[in-house]
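Visitor: Could you pick one part of this protein and take a close look at it with me? I would like to see how it sits among its neighbours.

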Amino acid sequence: MQAREPHQPSGEFVQSLARGLAVIRAFSDERTMLTLADVAKIAGLSRASARRSLLTLETLGYVGMQQNRFYLRPRVLDLGYAFLSSSSSVDVTQDHLRRLSARIGESCSACEYDDGDIVYVARAAADSVMPLRVSIGRRIPAFCTSTGRVLLSAMPPDELDEFFRVYPREKFTPLTVTDEGELRERIAEVRAQGWAVNNQELDLGARSIAAPVVDSRTGAYISAVNITVSTSRVSVDELVEQCLPLLLETTRQIGSDIALMGQQR
């Protein structure tokens, strides 16, 4: 998939910086070693632009090269760590996720919406083995995830229309819903009830339930928290009956703690 077009740039937009960031985003857990042609295609750049960006990033220590293939070097972690270390809300969320995970024995995550995707910003993994591999910083399309639908449900109508117009909808499993009409119905249901269930739409063998973390001062959605379970151990009914009350309790506590931090500043 090619990189998405950025918003219309202003006169102070630095094109070379945008290209460099697009090159970094071309790499993922599934694309760890890329050729120049690969990077150019994924980032939506010419080969010349991709080459200049790669060589610049290599000089700065963010990219390495081996046998004509490029890879990210550990220095790239500095970029993500700057966000995590400066976000006190992530620290608060992480603490609550650890307690929730220990209480229910399942993995829990917090995600924020960004450019059509949800991005994992906090996670507490249980000992149980899950088929879905997730880690901090991973991006997944919002339309097919429980956290994504929670965050999409808070969008104004015009923004949701733009979401459906711009972002592609890949079918990850036979159960993935991609039809716009059906997705709009499900998002409306999430908006009405305040939580979402995902049943194997992203990964066979995994289902999840998610609820929003709400800023009590503004009513805005800060993030969404989910609990992920194995389909072999937990049914949808059990997920709703047993996990949802604890999830809602946790998201309320996170929202209250974040609001309290804001008042103390």
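Guide: Let's take helix α7: its buried residues pack against β3, α6 (146-152) and α8. Packing here rests on contact, meaning heavy atoms within 4.5 Å, and buried means under 20% relative accessible area, exposed over 50% and partly exposed in between, with a 1.4 Å probe and protein chains only. Helices (H or I, at least four residues) and strands (E, at least two) are DSSP runs, numbered from the N terminus.

A word on the model: it is predicted, so to speak, with local features needing pLDDT of at least 70, side-chain atom pairs counting only at pLDDT 80 or more, and totals for chains, interfaces and linings using all residues. Residues are numbered from 1 along each chain as its sequence is written, and side-chain values use heavy atoms, with hydrogens and water left out.

Now to the helix itself. In α7, the buried residues are Leu160, Phe163 and Phe164. They span an arc of only 90 degrees around the axis, which puts them on the same side of α7; the arc is that of the directions from the helix axis to the C-beta atoms. Asp158 and Arg165 are exposed on the other side of α7.

One of its partners is helix α8. Two packed helices are described by the angle between their axes and the distance between the axes. For α7 (residues 157-166) and α8 (residues 180-193), the angle is about 145 degrees and the axes are 12 Å apart. Axes are lines fitted to C-alpha atoms, for helices over the stretch in contact, and angles run from 0 to 180 degrees between N-to-C directions. From α7, Leu160, Asp161 and Phe164 meet Glu180, Leu183, Arg184, Ile187 and Arg191 of α8. This contact divides into 4 nonpolar residues, no polar ones and 4 charged. Here Ala, Val, Leu, Ile, Met, Phe, Trp, Tyr, Cys and Pro count as nonpolar, Asp, Glu, Lys and Arg as charged, and the others, Gly among them, as polar.

Another partner is β3, which leads us into the sheet. Its 6 strands form an open sheet in the order β5-β4-β3-β8-β7-β6, with antiparallel pairing; two strands pair if DSSP finds at least two bridges between them. The edge strands, each pairing on one side only, are β5 (139-141) and β6 (196-199). From one strand to the next, the twist averages 30 degrees. On one flank, β3 pairs antiparallel with strand β4 (residues 117-124) over 7 bridges, and Ser109 stands opposite Arg123 in β4. With β8, strand β3 (residues 107-114) also runs antiparallel, joined by 5 bridges, and Val225 of β8 is the bridge partner of Ala110.

Strand β8 (residues 221-230) has 8 of its 10 residues buried, so it is largely enclosed by the rest of the structure. Strand β7 (residues 206-214) pairs with β8 in the antiparallel sense over 9 bridges, and Ala211 stands opposite Val225 in β8. The two strands form a hairpin with 6 residues between them, where Gly219 in the turn has a positive phi of about 80 degrees.

Ala211 also takes us back to α8, where Gln193 is found: their C-alpha atoms are separated by 9.7 Å, at 18 residues apart along the chain. Gln193 is partly exposed, with a relative accessible area of 32%.
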